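These are my notebook entries on one chain. I set down what I looked up, entry by entry.

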Amino acid sequence: MTKEASTQHPVHDLIAKRWSPYAFADRAVSNDDLCGVLEAARWAPSSYNEQPWSYIVATKDSPEEFEKVLSCLVEGNQGWAKAAPVLMLGCINTQFKRNGNPNAAAEHDLGLASANLSLEATHRGLSVHQMIGILPSKAKTVFQLPDGVIAKTGLALGYVADPSTLPDGIKERDLAPRERKSLSEFVFTGKWGEASPSVK
């Protein structure tokens, strides 16, 4: 199953085809593919090339490690994410290594890395579902995160499955059409809220 975006303007196929499913198949992700998507994250841009992101990765090949990551998701996400063959936590270092100052771009840069990861996954026939619904304090304890390092997001990686495997409520989300704001709702010129003439 794929849900290609209905775009206002042409974009690359990887962008149109990338989406965040809830239903994941019981099919392992190869180590080559896992390393490939993480390599894509590695090459994301970052402020001062700081690369403030880290990923805690667990696969079902290591059930104990998988359960540790799963336990750091909120209950609502555990219900569907447990089917994915790979779970990750995206973490940030909140301080620049170069001078110890706060890194205000750290979350932004983790987002860029995870976007790269998601597009590479799409290229390889995989899907990623990112989650803000995690338990950062539990992750800090379970994985002994050092001071200044915070778990910010969860990521489920795998192959899309039939949404009929999902419980009601979540199933409807997987089947719903993809929607986005129009360009005129978030691209402004002159003042806030005034749609840019280039996108009208």
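**Entry 1: Q78 and the ground rules**

I began with Q78, which lies in helix α4. I take helices (H or I, at least four residues) and strands (E, at least two) as DSSP runs, numbered from the N terminus. The model is predicted, so I note that local features need pLDDT of at least 70 and side-chain atom pairs count only at pLDDT 80 or more, while totals for chains, interfaces and linings use all residues. Residues are numbered from 1 along each chain as its sequence is written, and side-chain values use heavy atoms, with hydrogens and water left out.

The cut-offs I use are under 20% relative accessible area for buried, over 50% for exposed and in between for partly exposed (1.4 Å probe, protein chains only). I then looked up Q78 against L34: the two are 44 residues apart in sequence, and their C-alpha atoms are 21 Å apart in space.

**Entry 2: aromatic pairs**

I next looked up the aromatic rings. A pair of aromatic rings is described by the distance of the centres and the angle of the planes. Rings of Phe, Tyr and Trp (its six-membered ring) pair if their centres lie within 6.5 Å; planes under 30 degrees apart count as stacked, over 60 as edge-to-face and the rest as tilted. How many aromatic pairs does this rule give? The count comes to 4 aromatic pairs.

The pair F24 and W80 is stacked, because the ring centres are 6.4 Å apart and the planes stand at 15°. F24 lies in the loop between α1 (13-17) and α2 (31-42) and W80 in helix α4 (residues 75-81), so the pair ties together parts that are 56 residues apart in sequence. I find both F24 and W80 buried. Together with Y22, F24 and W80 form one aromatic cluster.

The pair Y48 and F96 is edge-to-face, because its ring centres are 5.7 Å apart and its planes at 90°. This pair also links distant parts of the chain, 48 residues apart: Y48 is in the loop between α2 and β1 (53-59), and F96 is in the loop between β2 (86-93) and α5 (106-123). Y48 is exposed, with a relative accessible area of 59%, whereas F96 is buried, with a relative accessible area of 10%.

**Entry 3: charges over rings**

I count a charge as sitting over a ring if NZ of Lys or CZ of Arg is within 6 Å of the ring centre and within 35 degrees of the ring normal. Which residue lies over the face of Y48? I found R98 there, at 4.1 Å from the ring centre. I also noted the charged end of R27 over the ring of Y159, 3.7 Å from its centre.

**Entry 4: positive phi**

Most residues other than glycine have a negative phi, and most peptide bonds are trans. I noted a positive phi near 55° for Y48. Phi of Q144 is also positive, near 55°. Q144 is found in the loop between α6 (136-142) and β4 (149-158), and I record Q144 as exposed because its relative accessible area is 67%.

**Entry 5: two buried loop residues**

I looked up C72 in the loop between α3 (63-70) and α4. C72 is buried, with a relative accessible area of 0%. C72 and K140 are 68 residues apart in sequence, with their C-alpha atoms 9.3 Å apart in space.

P85 is found in the loop between α4 and β2, and P85 is buried at a relative accessible area of 8%. The C-alpha atoms of P85 and A25 are separated by 8.0 Å, although these residues are 60 residues apart along the chain.

**Entry 6: V187**

I placed V187 in the segment after α7 (170-175). V187 counts as partly exposed, at 25% relative accessibility. V187 and E4 are 183 residues apart in sequence and 23 Å apart in space, C-alpha to C-alpha.
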